[in-house]
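Keep the sequence and the 3D view open while reading.

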Amino acid sequence: MRFLRTTTVCLALAAPALSQAAVDSIDLSRYRETGTYALPAGVAAEASAVAYNRDRNSLFVVGDEGNFLVEVSLTGTLLGAMSLSGFDDTEGLTYIGNGKFIITEERIQDGYVLSYTPGGSATRSALPWVSIGPTLLPNGNIGIEGISYDPTTGNFVLVKEKDPQAVYEAQLTFATGATGGTANVTSLFTPALGVTDLSDVQVLSGVVTPGSPDAQNLLIYSQESRKLLEVTRSGDVLSMFTLGAGNAEGVTIDDNGTIYIVDESPFLHVLTPEPVPLPAAAWLLLSGLGGLGALRMRGRNAA
């Protein structure tokens with residue numbers, strides 16, 4: 001029995017390494033859509049942005065009209081909602097911790113910080129805010145489409161939809177009042193990603209193991225091209241996933257490497273990676289250990 005216990009420990013030690021490897025890198029060519037779930041239509045209508053809240057292990061969704069901040073399970077079940085007033089054309093959402101979110105509006109290119117309260121409410125004019133760029137009215141549907149918080153730096157990465165497309169890194173502070181906070185916005189790279197528009201962005205630094213090659217990369221989604229891209233911070237496309245259907249706009253990722261995309265229908269698309277095959281040498285080792293264990297037991301039975 002001592003030998004069998006040793007074999008079990010070897011297998012147990014191998015399991016964490018395999019599960020950890022799934023978040024050491026994000027190769028979108030390995031991802032498959034493994035679930036599509038209806039979102040609660042009454043409060044998540046025209047879903048345009050989604051953010052993963054690791055403190056609650058749930059997803060938060062906001063729609064184009066900015067009427068609600070909605071909490072749903074990882075399969076789209078309604079968990080709670082907070083009513084919003086004064087918002088319009090809300091396209092960006094990111095979680096910054098301690099129950100706080102940043103919401104951005106595309107046309108006026110402003111961002112607001114709020115704390116989620118189930119069943120509560122928030123009025124835009126009362127929230128701390130910051131101007132990220134100039135107001136684009138009346139031709140406003142080409143502005144800030146997505147925002148993602150980078151917990152390793154405290155900065156934000158944002159994407160502008162088109163005319164021209166842009167990927168920004170920004171230091172943002174938020175304040176109440178007529179002038180709001182301050183924004184230091186710089187171009188991260190000039191996009192040449194082969195997609196028609198940019199509709200959302202997700203940093204990987206808070207998900208992928210620090211120090212791994214993909215830790216500083218980004219996920220960027222294109223609504224019109226229906227493509228999800230893994231992109232370096234210098235603009236190189238490393239891998240790609242094409243969503244088969246839907247009018248999707250928002251993307252986020254959880255701590256297990258599962259990717260969630262929301263579309264305006266409203267639906268939630270769940271993407272998971274195929275398991276990384278165990279190297280041949282490892283299979284030979286494990287099968288050899290199993291064979292030795294069988295011989296040991298056979299010898300005991302013969303005795």
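## The largest pocket

In sorting residues by type, Ala, Val, Leu, Ile, Met, Phe, Trp, Tyr, Cys and Pro count as nonpolar, Asp, Glu, Lys and Arg as charged, and the others, Gly among them, as polar. By this scheme the lining of the largest pocket divides into 14 nonpolar, six polar and two charged residues. The model is a predicted one, in which local features need pLDDT of at least 70 and side-chain atom pairs count only at pLDDT 80 or more, while totals for chains, interfaces and linings use all residues. Residues are numbered from 1 along each chain as its sequence is written, and side-chain values use heavy atoms, with hydrogens and water left out.

The largest pocket holds about 260 Å³ of space. Its lining has 22 residues, and Y52, R54, Y95, Y149 and Q202 are the closest to its centre. A pocket is found on a 1 Å grid over the protein atoms alone, as an open set of points where a 1.4 Å probe fits, with protein on both sides within 12 Å along at least five of seven lines; lining residues have an atom within 4 Å of a point. Grid points are joined across faces, edges and corners, and the volume is the space filled by probe spheres set on the points.

Which strand gives the most to the lining of the largest pocket? It is β6, with five residues. The strands that each supply at least two lining residues are β2 (47-53), β6 (90-97), β11, β15 (200-203) and β19 (248-253).

## The chain as a whole

The protein chain has three helices and 21 strands. Both are DSSP runs numbered from the N terminus: helices are H or I with at least four residues, and strands are E with at least two.

Of the 303 residues in the chain, 49% count as buried. Buried means under 20% relative accessible area, exposed over 50%, and partly exposed in between, with a 1.4 Å probe and protein chains only. A contact means heavy atoms within 4.5 Å. Among contacts in the chain with a separation of 6 or more, 55% are between residues 24 or more positions apart.

Two strands pair if DSSP finds at least two bridges between them. β12 (residues 156-160) and β13 (residues 166-172) pair in the antiparallel sense over five bridges. V159 has V167 in β13 as its bridge partner, and V157 stands opposite E169 in β13. Six bridges join β13 to β14, also antiparallel, and A170 has V185 in β14 as its bridge partner.

## The hairpin turn

β12 and β13 form a hairpin with five residues between them. D163 lies in the loop between these strands and has a phi near 55°, a positive value in a residue other than glycine. Is D163 buried or exposed? Its relative accessible area is 58%, so D163 counts as exposed. A cis peptide bond, with omega about -5°, joins D163 and P164.

## The five-stranded sheet

Another open sheet has five strands in the order β2-β3-β4-β5-β9, with mixed pairing. Its edges are β2 and β9 (121-123), each with a single partner strand, so one side of each is left without a neighbour in the sheet. Neighbouring strands here are turned by 20° against each other on average, direction ignored. Within this sheet, β3 (residues 58-63) and β4 (residues 68-72) pair in the antiparallel sense over four bridges, and V61 stands opposite V70 in β4.

A41 is in helix α2 (residues 41-44) and is partly exposed at 49% relative accessibility. In the loop between α2 and β2 is E46, which has a positive phi of about 55° although E46 is not a glycine. E46 is also partly exposed, at 34% relative accessible area.

A41 and S265 are 224 residues apart along the chain, and their C-alpha atoms are separated by 8.2 Å. The peptide bond from S265 to P266 is cis, with omega near 0°. P266 is in the loop between β20 (259-263) and β21 (267-273).

Key. Axes fitted to C-alpha atoms, helices over the stretch in contact; angles between N-to-C directions.
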